[in-house]
Amino acid sequence: MPIADLGDIRLHYRLDGPEDGAPLVFANALGTDLRIWDGVLAALPDGLRVLRYDMRGHGLSDAPDGPYSMGNLVRDVERLMEHVGMTDAVFVGLSIGGMVAQGLAAKRLDLVRALVLSHTACKIGTRAIWEDRIAAVEARGLAAISDGTLEKWLAPAYRAAPDALAIRHMFERTPLQGYIGCCHAISGTDFMTPTSGLRCAALGIAASEDGSTPPDLVRETIGLIPGAQFHLMRGAGHLACVEKPADYAAILGAFLSAQGHSVPPVSDQLGS
């Protein structure tokens, strides 16, 4: 369980794959950690050098008192990639991780060659919505909002399955100050202008049952980037990478192959 000491923050991360493999970075959603990508990694082609990490305030990374800014979160992964010597990567970000991806791509084209914006947007919610969320968890804790969160995150069939309990535990055990800190970061972020200026290969992934970042919201953001692709996963929710990891890996693998960034894709069939 390597920890990168970046001076003002220590981040838990994991590297998988050959040292000379094509670089791929994953950034987690609010209230989750790097484990949400386990199933996707298992289904991806060989030959990739994969960096995953727990965002500031999540998992085994430090959870300093907030509020955090999106600049903090972008700078964290920027320094982490430098720490492990990774450049020219395809960056996959889910939800708040997708906002981090947009910010990093606008800042450091040497680090990011292509983007996968998964269940995310250039602006998510309003300041009032996030202020209400922060007040609720400050007063009652994360367990008080976990039912409503999972209802937005997971498709009904998966939400009723035993595996959904692991997602609930992951969410409820997120450090409170980390969750609140990242809520502040999302609340203060609108990347419409910088994202509309991006000129890199990009893929947007949305899911039909996503109650947090609905497909139209993802489509609007990915439409800001000329030439970007969009893929809708049916029957999955906000954490489609957990619910349907093989389908997610097939979509991602095909995109990586199209960028010349991997061995042949996992499957020519992208799932539904």
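His-119 counts as buried, since its relative accessibility is 0%. In this predicted model, the residue lies in the loop between β6 (112–118) and α4. Its phi is near 50°, a positive value in a residue other than glycine.

Ser-95 is a further case, with a positive phi of about 60° although this residue is not a glycine. The loop that holds Ser-95 runs between β5 (89–94) and α3 (96–107). With a relative accessibility of 9%, Ser-95 counts as buried. As background to both cases, most residues other than glycine have a negative phi.

## A cis peptide bond

Between Gly-66 and Pro-67 the peptide bond is cis, and its omega is near 0°. Pro-67 is placed in the loop between β4 and α2 (70–84). In general, most peptide bonds are trans.

Thr-32 belongs to the loop between β3 (22–27) and α1. Its relative accessibility is 1%, and Thr-32 therefore counts as buried.

Which residues is Thr-32 in contact with, once neighbours within four places in sequence are left aside? They are His-58, Trp-153, Met-170 and Thr-174. Of these, Trp-153 also takes part in the contact of α5 with α7, which is treated below.

## Packing of α4 and α8

Helix α4 (residues 127–140) and helix α8 (residues 176–187) have axes that come within 9 Å and cross at roughly 170°. An angle over 145 degrees counts as roughly antiparallel, and α4 and α8 are therefore roughly antiparallel to each other.

On the α4 side, the contact is made by Arg-127, Trp-130, Arg-133, Ile-134, Val-137 and Glu-138. On the α8 side, Leu-176, Tyr-179, Ile-180, Cys-183, His-184, Ile-186 and Ser-187 contribute. By class, the residues of this contact of α4 with α8 divide into eight nonpolar, two polar and three charged.

## Packing of α5 and α7

The crossing in which α5 passes α7 is right-handed.

From α5, the contact draws on Ser-146, Asp-147, Thr-149, Leu-150 and Trp-153. From α7, Ala-164, Ile-167, Arg-168, Phe-171 and Glu-172 take part. The residues of the contact of α5 with α7 comprise five nonpolar, two polar and three charged.

## Salt bridges

With a salt bridge taken as a side-chain nitrogen of Lys or Arg within 4 Å of a carboxyl oxygen of Asp or Glu, the count comes to 15 salt bridges.

Asp-33 and Arg-35 meet through their side chains in a salt bridge, at 2.7 Å from N to O.

The side chains of Arg-52 and Asp-38 form another salt bridge, with an N to O distance of 2.6 Å. This pair links distant parts of the chain, as Arg-52 is in strand β4 (residues 48–53) and Asp-38 is in helix α1 (residues 38–43), 14 residues apart. Arg-52 has a relative accessible area of 2% and is buried, while Asp-38 counts as partly exposed at 39% relative accessibility.

## A salt-bridge network

Asp-110 and Arg-108 also meet in a side-chain salt bridge, at 2.7 Å from N to O. Asp-110 is partly exposed, with a relative accessible area of 41%. Arg-108, by contrast, is buried, with a relative accessible area of 17%.

To what set of residues does this pair belong? Asp-110 and Arg-108 are linked with Arg-75, Glu-78, Glu-82 and Lys-107 in a network of salt bridges.

Technical notes
Residues are numbered from 1 along each chain as its sequence is written. This is a predicted model: local features need pLDDT of at least 70, side-chain atom pairs count only at pLDDT 80 or more; totals for chains, interfaces and linings use all residues. Side-chain values use heavy atoms; hydrogens and water are left out. Axes are lines fitted to C-alpha atoms, for helices over the stretch in contact, and angles run from 0 to 180 degrees between N-to-C directions. Helices (H or I, at least four residues) and strands (E, at least two) are DSSP runs, numbered from the N terminus. Angles under 35 degrees count as roughly parallel, over 145 as roughly antiparallel, 65 to 115 as roughly perpendicular and the rest as oblique. Contact means heavy atoms within 4.5 Å. Ala, Val, Leu, Ile, Met, Phe, Trp, Tyr, Cys and Pro count as nonpolar, Asp, Glu, Lys and Arg as charged, and the others, Gly among them, as polar. A crossing is left-handed if the near helix is turned anticlockwise from the far one by less than a right angle, and right-handed if clockwise. Buried means under 20% relative accessible area, exposed over 50%, partly exposed in between (1.4 Å probe, protein chains only).
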